[in-house]
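Dear colleague,

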Amino acid sequence: MTPMSPMSPVNPPPARLREIDLLRFVAAMLVMIHHYVGRLGGWGVQNHHNMPGIAQIAHFGNLGVDLFFLISGFVILMSAWGRGVGDFAVSRVARIFPGYWFGVTLAAVAFLAIGQTPWAGHNPIAVYLPNMTMFQMGIGVNHMEVVYWTLWVELHFYVLISLLVWRGLTYERCLAFMVLWIVLGTFSMEANFLPLAAILMPPWAPYFVAGMAFYLIHRFGPNLLLWLIVFGCWGLAVPYRIASVNPELEWPKVWDAVITGGVTFAFLVMAMVSVGMFDIVRWRGFTVLGALTYPLYLVHETVGRVLDDLLGAHLGRWTLLGVSCAAALASAYLVQRFVEAPAQRWARRRLKAALARLRREGLPAVRRQTPSRSPAEASR
C-alpha cells in the first residue's frame with residue numbers, strides 16, 4: 001500500500017467545527033469577565049478582596065486572547081485553503097468589518113452619551129474615522145475600545161497569509177512560510193530591527209503559526225515536523241507571554257506559573273482538536289455560541305461601561321456583574337441577528353460581484369491586448 005501524499009486530506013474538515021465554536025465563545029467569555037471584574041472590583045491583586053473567588057480567575061482572563069490567536073491560525077488557514085487571494089480578501093472583509101463598524105459607532109455614541117472620551121482632547125471625528133478603518137494603531141490614534149488592539153494583530157496575520165495565498169497555497173509552501181515567520185521574527189527581536197518586528201509580531205506569531213500547524217495536522221495528518229513546529233511555538237509563546245505582564249496585573253510568584261499553565265493548556269486543547277479528540281462535539285447550540293463570539297467581543301466593553309455609569313451607584317458589584325454579562329450576551333445576539341448577519345450577506349454579494357467584474361474586465365493593460373470590438377459593439 002503506497003503512503004498517502006501530504007496533499008491528500010486524511011480528515012477533510014466538516015462545514016462547521018463546533019468544538020472551535022465552543023472554544024471561541026469560552027475565550028470571549030474569559031476576556032469579558034476579565035474586563036468586567038477588573039472594572040467593578042478594581043485591577044490588581046490588592047483589589048481581589050472586593051470580589052473574592054472570581055477576581056483571582058478573572059485576573060488571568062486575558063489569556064482568552066491567546067486562545068483566540070491559536071484558533072485564528074487554524075480557522076484562517078482553513079478559510080484560505082483552495083481560494084485565490086481575491087476570494088480570501090472578500091471573505092475576510094465581509095466577515096470582520098460590518099460588525100466592527102457597528103461596534104465602533106456604538107462605542108462613539110456611548111462615550112458621548114455618558115461624557116467619557118477615548119480621544120483625550122482630540123477632535124472626536126479624528127479618532128472615530130481612523131477607527132472605522134481598523135488602521136488606527138498604525139497611525140498612532142487611540143482605539144475606540146481597548147480590545148481593538150487584537151484586531152490590529154489579526155490584520156497583520158491576514159496580510160501575511162494573503163501573500164502566501166497570492167503565491168499559491170500548498171502544503172510545502174505553508175510549512176516554509178510558518179518556519180520563516182518564526183525564524184525571521186526571532187531574528188528581528190535579536191537585532192532590535194523594529195520595522196521587521198512590527199510586521200512579523202514576534203510575541204504573537206507563535207500562536208498563529210501553531211494554529212496553522214494544528215490545521216495541517218487536522219486535515220493532512222500528524223508528522224514529526226508539524227509537532228516540532230508546535231513544540232517550538234509553545235516554547236516561544238510562554239516566555240513572550242510572561243514578559244508581557246501589565247504592571248496592574250503583576251502577581252509575584254503566581255504570574256509566571258499561571259501564564260505557563262494557561263498557555264500550555266490552550267496549546268493542549270488545540271492539539272486535541274487537531275487529532276479529532278472532540279469529534280463527538282456536535283451540538284448545534286455551539287454554532288449559535290460561536291456566532292455570538294465576535295459581536296460579544298466587540299460590544300462587551302461598551303455595554304459594561306454604560307451600565308456601570310448608569311447603575312454603578314445603585315447596584316452591588318455582584319449584581320452589576322450579572323446584569324452586565326446578561327446585557328452583553330443579549331446585545332451580542334441582537335447585533336449578530338439584526339446587524340452583522342444581514343450586513344455580511346449584503347457585503348459579500350457586492351464584493352463578490354465587484355471581484356467577478358474585475359476578473360471579467362481585467363486590468364487596463366490586459367484589456368488593450370484584447371481584439372478590438374466593432375463600432376456597433378463599442379456603442380453598447
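Three helices, α7 (171–190), α9 (205–220) and α10 (224–243), each supply at least two residues of the lining of the second largest cavity; helices here are DSSP runs (H or I, at least four residues), numbered from the N terminus. On a 1 Å grid over the protein atoms alone, a cavity is a set of points where a 1.4 Å probe fits but cannot get out, whereas a pocket is an open set with protein on both sides within 12 Å along at least five of seven lines; lining residues have an atom within 4 Å of a point. The largest share of that lining, four residues, comes from α7. Among the residues that line the second largest cavity are W181, I182, P202 and Y240, and its space amounts to about 40 Å³. A volume is the space filled by probe spheres set on the points, which are joined across faces, edges and corners.

Please note that this is a predicted model, in which local features need pLDDT of at least 70 and side-chain atom pairs count only at pLDDT 80 or more, while totals for chains, interfaces and linings use all residues. Residues are numbered from 1 along each chain as its sequence is written, and side-chain values use heavy atoms, with hydrogens and water left out.

As to confidence, the protein chain has a mean pLDDT (the predictor's confidence in each residue, from 0 to 100) of 90, and 90% of its residues reach 70 or more. Over residues 1–5 and over residues 365–380, pLDDT stays under 50. Where pLDDT is low, the predicted coordinates should not be read in detail.

The search of the whole structure finds two cavities of 30 Å³ or more. The largest cavity holds about 90 Å³ of space; of the 14 residues that line it, V37, G38, G42, H48 and A55 are the closest to its centre. Helix α1 gives the most to this lining, with four residues.

Note on methods: Contact = heavy atoms within 4.5 Å.
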